[in-house]
Amino acid sequence: IGLGLYTVNAVYGDTIVMPCPQEVPNDLMFGKWKYVNTSPVFIAFRSTTKKGVQYDDVPEYKGRLSLSENYTLSIKNARISDEKRFVCMLVTVDNVYEEPTVVKVFKQPSQPEIIHPANFLEAEKFKMLGECIARDSYPDGNITWYKNENILQPVEGVVVMSLQKVVDQSTGLFTTTSSLQYMPTKKDANAQFACSMTYYGPSGQEKISSEPMVFDVHYPTEKVTIKVLSQRNTIKEGDNITLKCSGNGNPPPQEFLFYIPGEPEGIRSSDTYVMTDVRRNATGEYKCSLIDRSMEDSTTITVHYLDLSLIPSGEVTKQIGEALPVSCTISSSRNATVFWIKDNTRMQTDPSFSSLQYQDAGNYICETTLREVEGLKKSKTLTLIVQGKPQIRMTKKTESNKSKTIVCHVEGFPKPAVQWTITGTGSIINKAKETNYVNGRFSSKIVISPEENVTLTCIAENQLERTVTSMNVSAISIPEYDEPDERNGDNREKVNDQAKLIVGIVVGLLLAALVAGIIYWVYMKKSK
């Protein structure tokens with residue numbers, strides 16, 4: 001009830017239900033409903049004596065009315081034009097009762113939407129952002145703009161909004177439109193703009209909002225950045241270098257000038273410039289700039305390198321006892337680590353040969369690496385061959401079973417072939433056993449039991465020379481003593497005979513001197 005009147009709030013399109021505000025008297029004859037315009041217009045009638053309801057011929061209510069037995073009037077499909085003052089009139093024999101009801105109709109607008117949006121905005125440029133439209137509302141409402149859920153307040157030359165309301169004459173519904181002119185900044189990139197419609201419904205003020213919209217904000221480049229795109233932290237010779245230049249504008253610049261060491265002019269390219277199989281002379285400062293050269297950035301690139309020189313290298317053949325200077329030198333972009341490997345074993349010291357021995361022969365690798373640079377390693381190989389003529393030393397030993405073991409100790413490279421012969425018959429002995437050939441040395445051994453004195457000959461031969469050495473061996477019936485090893489090739493039997501002769505001479509001289517001394521002493525005694 002408002003201002004002494006009954007008020008019914010209805011939703012557009014729903015059914016309006018208006019109870020008669022007056023109690024129905026017992027002596028009621030009939031009841032009527034009318035609405036008051038400039039003059040009363042009756043629309044429905046019900047009698048207490050006659051069953052049924054009569055509806056007046058009012059075109060806008062044809063087929064829409066329903067009057068119940070308790071005189072409640074219902075109007076289907078509520079329209080804006082139904083917003084009137086209706087009167088319930090109850091008539092008795094001696095009185096007429098009238099009570100008015102005011103009808104209010106409400107229509108929620110469609111969800112607001114932003115139409116005619118700008119393709120893009122430009123920083124510091126004032127332009128139309130778009131229009132917010134909310135259709136078919138009643139009564140009319142107001143539109144509010146938001147940026148990032150904050151209300152946009154009008155600011156002259158920065159935020160300007162214009163509101164327009166249009167009524168559909170056939171329905172009486174409002175369409176509300178608000179245009180927004182806006183001057184963005186760089187910070188408005190990715191900002192969300194939205195609008196909402198505030199309107200009145202049956203239960204009071206309500207609000208409905210549009211979906212947010214993001215606008216692309218264009219702004220000029222203020223800074224250029226150059227980067228080196230690489231999977232590794234360091235660059236070495238043979239790698240590829242990819243330079244990436246970027247500007248912080250929107251849209252970002254698509255072309256740049258790249259300045260490369262050794263190139264007098266800038267190279268025009270897209271935002272990416274690639275150099276393949278770079279060399280050490282690519283080390284230096286790299287720059288990129290906008291096409292108009294208005295701003296630039298630079299970076300320094302070091303192309304790491306590693307050179308190794310081994311003198312001599314490859315296969316080298318030398319004679320035993322010779323000197324061989326070896327030099328492994330490096331040149332690199334940083335301090336490098338150098339180490340030697342001989343026959344797959346790391347050496348503790350660098351090789352140095354003042355007098356080559358057979359054990360010096362082998363496969364030498366000089367290897368160097370830059371630890372800070374992944375994959376940068378160099379190595380060179382020296383294959384050293386130490387040659388020597390065959391050298392022979394013979395020894396013999398009498399075993400407990402009276403057999404005699406004769407050993408021929410041989411040195412030389414390439415490995416000499418050894419052959420045994422026995423003098424007198426000149427036959428070749430094939431029962432020799434050889435030890436392993438290690439560092440240019442091995443030995444060949446035979447075991448014999450001669451019935452008579454014999455001479456054994458050891459023959460060692462390689463590509464350089466043929467060496468022959470002999471040794472006399474006594475028959476097994478002649479006792480012999482084992483003797484120390486000798487380094488010359490004289491036979492050991494002769495050495496024994498010479499030793500016995502020398503001992504005999506020395507003993508004889510001593511006896512002669514003793515006899516002479518005694519004779520002299522006797523002579524002197526007699527003289528006295």
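Q: How do E15 and strand E16 pair, and over how many bridges?
A: E15 and strand E16 (residues 174–182) run antiparallel to each other, with 9 bridges between them. Strands here are DSSP runs of at least two residues (E), helices are runs of at least four (H or I), and both are numbered from the N terminus. Two strands count as paired if DSSP finds at least two bridges between them.

Q: Which residue is the bridge partner of Val160?
A: Gln181, in E16.

Q: Is this a predicted model, or what is the source?
A: It is a predicted model, in which local features need pLDDT of at least 70 and side-chain atom pairs count only at pLDDT 80 or more, while totals for chains, interfaces and linings use all residues. Residues are numbered from 1 along each chain as its sequence is written, and side-chain values use heavy atoms, with hydrogens and water left out.

Q: What is the pLDDT average for the protein chain?
A: The protein chain averages 89, and 93% of the residues score at least 70. Here pLDDT is the predictor's confidence in each residue, on a scale from 0 to 100.

Q: Where is the pLDDT below 50?
A: Over residues 482–499. Beyond near neighbours in sequence, that stretch has 28 contacts in the model, a contact being heavy atoms within 4.5 Å. Where pLDDT is low, the predicted coordinates should not be read in detail.

Q: Back to the strands. What is the order in the open sheet with E15?
A: The order is E10-E12-E16-E15, 4 strands with antiparallel pairing. Strand E10 (113–115) and strand E15 (159–167) are the edge strands, each pairing on one side only. On average, neighbouring strands of this sheet are turned by 25 degrees against each other, direction ignored. The axes behind such angles are lines fitted to C-alpha atoms (for helices, over the stretch in contact), and angles run from 0 to 180 degrees between N-to-C directions.

Q: And the open sheet with E24, what is the order there?
A: E25-E24-E27-E28, also an open sheet of 4 strands with antiparallel pairing.

Q: Why is one side of E25 and of E28 left without a neighbour?
A: Strand E25 (267–269) and strand E28 (296–301) stand at the edges and have a single partner strand each, so one side of each has no neighbour in the sheet. The twist from one strand to the next averages 25 degrees.

Q: How many bridges link E24 and E25?
A: Strand E24 (residues 256–259) pairs with E25 in the antiparallel sense over 3 bridges. Phe256 stands opposite Ser269 in E25.

Q: Do E1 and E9 pair in the parallel or the antiparallel sense?
A: Parallel: strand E1 (residues 6–11) and strand E9 (residues 96–106) share 6 bridges. Asn9 stands opposite Lys104 in E9.

Q: What about E8 and E9?
A: Strand E8 (residues 85–92) pairs with E9 in the antiparallel sense over 7 bridges. Val87 stands opposite Pro100 in E9. E8 and E9 form a hairpin, with 3 residues between them.

Q: Thr92 is in E8. Is Thr92 buried or exposed?
A: Thr92 is buried, because its relative accessibility is 4%. Buried means under 20% relative accessible area, exposed over 50%, and partly exposed in between (1.4 Å probe, protein chains only).

Q: What does Thr92 make contact with?
A: Leaving aside neighbours within four places in sequence, Thr92 is in contact with Pro25, Asp27, Leu28, Met29 and Tyr97. The side chain of Thr92 also makes a polar contact with the side chain of Asp94 (3.3 Å). A polar contact is a pair of N or O atoms within 3.5 Å; within protein, one must be able to donate a hydrogen and the other to accept it, and residues adjacent in sequence count only if both atoms are side-chain atoms.

Q: Now Ser47. Which strand is that in?
A: Strand E4 (residues 40–47). Ser47 counts as buried because its relative accessibility is 13%. The side chains of Ser47 and Thr49 are joined by a polar contact of 3.0 Å, and the side chain of Ser47 reaches the backbone nitrogen of Lys50 at 3.4 Å.

Q: What joins E42 to E43?
A: A hairpin, through 4 residues. Strand E42 (residues 454–461) and strand E43 (residues 466–473) run antiparallel and are joined by 8 bridges.
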